[in-house]
Amino acid sequence: MDDSPSIWITAVPPFGPEETGVLLSVDVASEDPGERMVSVLLNRGHEGEEGVFYLLPFDLSARYERSGDRLSVSVRASRQVLAADLADRTDTLHEQLAGLATDPADDDRVTLLRRALVTDFVPPERDGVKQPVLLVDHAGPATLAELFARFHEGEAGFAVLYAD
């Protein structure tokens, strides 16, 4: 897997200006079925601060993995949640998702996205809880600076995914 241009280790607004975290971008106009499904599942979020949505771990969650100097982040969803959200769709997303791999550690979870980069950053834990992963949903390709500008203009939103 190549380093993804869609994952950053950076300070992000929901964490605060001093606190560094993992940020993944999700292009709502993507043709990738996993990315499209993540975009659909973001509708399950509950708004906290303006433009920041929190998802229940059962709906959508993240998993950190380290391999040498690489940090990988997988975005995962429950098969039950996928079935519920796909039931009324008339497009081919259901068929496109059929080949996605089940998570070996939990056969109800499906990996929708996996992003990685070379870094020495280790996501911190507080009281045994892993640092959440933040997603920024937007349309079209964008640099990190453009994503933050789009958020401030109301053209992108942040979603907080709990990590397991």
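Reply: Accessible areas come from the Shrake-Rupley method with a 1.4 Å probe, and for residues only the protein chains shown count as cover. By that method, the accessible surface of the protein chain comes to about 8,400 Å², of which 51% belongs to carbon and sulfur atoms. This is a predicted model, in which local features need pLDDT of at least 70 and side-chain atom pairs count only at pLDDT 80 or more, while totals for chains, interfaces and linings use all residues. Residues are numbered from 1 along each chain as its sequence is written, and side-chain values use heavy atoms, leaving out hydrogens and water.

Me: Why is His 46 called partly exposed?

Reply: Buried means under 20% relative accessible area, exposed means over 50%, and partly exposed is in between (1.4 Å probe, protein chains only). His 46 has a relative accessible area of 46%, and is therefore partly exposed.

Me: Which residues is His 46 in contact with, leaving aside its neighbours within four places in sequence?

Reply: Contact means heavy atoms within 4.5 Å, and with those neighbours left aside His 46 is in contact with Val 52, Phe 53, Tyr 54 and Leu 56.

Me: What makes the radius of gyration of the protein chain agree with that of a compact globule?

Reply: The radius is taken over C-alpha atoms, and the globule rule is 2.2 Å times the number of residues to the power 0.38. For 164 residues a compact globule would have a radius near 15 Å, and the protein chain has 15 Å, so the two agree.

Me: How many of the 164 residues of the protein chain, as a percentage, count as buried?

Reply: Of these residues, 49% count as buried.
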